[in-house]
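Reader: Could you take me through this structure step by step? I would like to look at it first and then ask about its parts.

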Amino acid sequence: MPLPWVRLDTAFPMNQKLLAMLKCKDGHRAALAYVCGLAVSGGQGSDGFISAESLVFVHARQADAALLVEFGFWIPQPGGWLVNGWDEFQPSTEENQLRRKRAQALAETRWAGHEAMTDAERARRYRENKKAGANGSSAA
């Protein structure tokens, strides 16, 4: 189950590893690849794994991946890389599925007994309730 969003620390632009990487040739490319890697991993539900084949989707080259490894943003894995700290800062796919199931159950409970209505039916009921309220208030 993919994530609809990922967390990015608002202090990321001041991260010392990032600032050091930005001083390197093409460090800005690697920084973009890191942020896009978060999005792709979250969107694919891969729990922080970036496959070698998905480098194109994170707008990265092997050289960018090497910089991300050198500065500790990515950890080499067979077939790709793991985003360092993913499990600390991002909800896991399993956690996301549980959260979604809980939300669906709450929504079902909240809407149990409510009948489906068209907009026209809803408007008609609103007018009837308003008219009944006006009649009841004038009698008081």
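Reader: Where is E95 found?
Author: E95 is found in helix α5. Helices (H or I, at least four residues) and strands (E, at least two) are DSSP runs, numbered from the N terminus. Please note that this is a predicted model, in which local features need pLDDT of at least 70 and side-chain atom pairs count only at pLDDT 80 or more, while totals for chains, interfaces and linings use all residues. Residues are numbered from 1 along each chain as its sequence is written, and side-chain values use heavy atoms, with hydrogens and water left out.

Reader: Is E95 buried, exposed or partly exposed, and why?
Author: E95 counts as partly exposed because its relative accessibility is 42%. Buried means under 20% relative accessible area, exposed means over 50%, and partly exposed lies in between (1.4 Å probe, protein chains only). The areas come from the Shrake-Rupley method with a 1.4 Å probe, and for residues only the protein chains shown count as cover.

Reader: Which residues gather with E95 in the patch of negative charge?
Author: D47, D87, E88 and E94 gather with E95 in that patch on the surface. Helices α4 (86-89) and α5 (93-111) are the elements that give two or more residues to the negative patch. Patches are made of residues with over 30% relative accessible area and no salt bridge; like charges are joined within 9 Å, and nonpolar side chains (Val, Leu, Ile, Met, Phe, Trp, Tyr) within 5 Å. Lys and Arg count as positive and Asp and Glu as negative, whereas His and the chain ends are not counted. The place of a charge is taken as NZ of Lys, CZ of Arg, CG of Asp or CD of Glu.

Reader: And where is D47 found?
Author: D47 is found in the loop between α2 and β1. D47 counts as partly exposed because its relative accessibility is 33%. D47 also has a positive phi of about 50°, although it is not a glycine.

Reader: What about D26, what is its phi?
Author: The phi of D26 is near 65°, a positive value in a residue other than glycine. D26 is found in the loop between α1 and α2.

Reader: Which side chain does D26 meet in a salt bridge at 3.5 Å?
Author: That partner is K25, with 3.5 Å from N to O. A salt bridge is a side-chain nitrogen of Lys or Arg within 4 Å of a carboxyl oxygen of Asp or Glu. By this rule the count comes to six salt bridges. K25 is exposed because its relative accessible area is 72%, whereas D26 is partly exposed at 21%.

Reader: How far apart are the closest N and O atoms of R61 and D26?
Author: They are 3.1 Å apart, and R61 forms a salt bridge with D26. The pair links distant parts of the chain, 35 residues apart: R61 lies in the loop between β1 and α3 (62-70), and D26 in the loop between α1 (16-22) and α2 (27-44). R61 is partly exposed, with a relative accessible area of 34%.

Reader: Is D64 buried or exposed?
Author: D64 counts as buried because its relative accessibility is 0%. The side chains of D64 and R61 meet in a salt bridge, with 3.1 Å from N to O. K25, D26, R29, R61 and D64 are linked in a network of salt bridges.

Reader: Changing topic, how many bridges join β1 to β3?
Author: Three bridges join strand β1 (residues 49-51) to strand β3 (residues 80-83), and the two run antiparallel. Two strands pair if DSSP finds at least two bridges between them. The bridge partner of I50 in β3 is W81.

Reader: Finally, how many helices and strands does the chain have?
Author: The chain has six helices and three strands. From the N terminus on, the elements run α-α-β-α-β-β-α-α-α. Buried residues make up 27% of the 140 residues in the chain.
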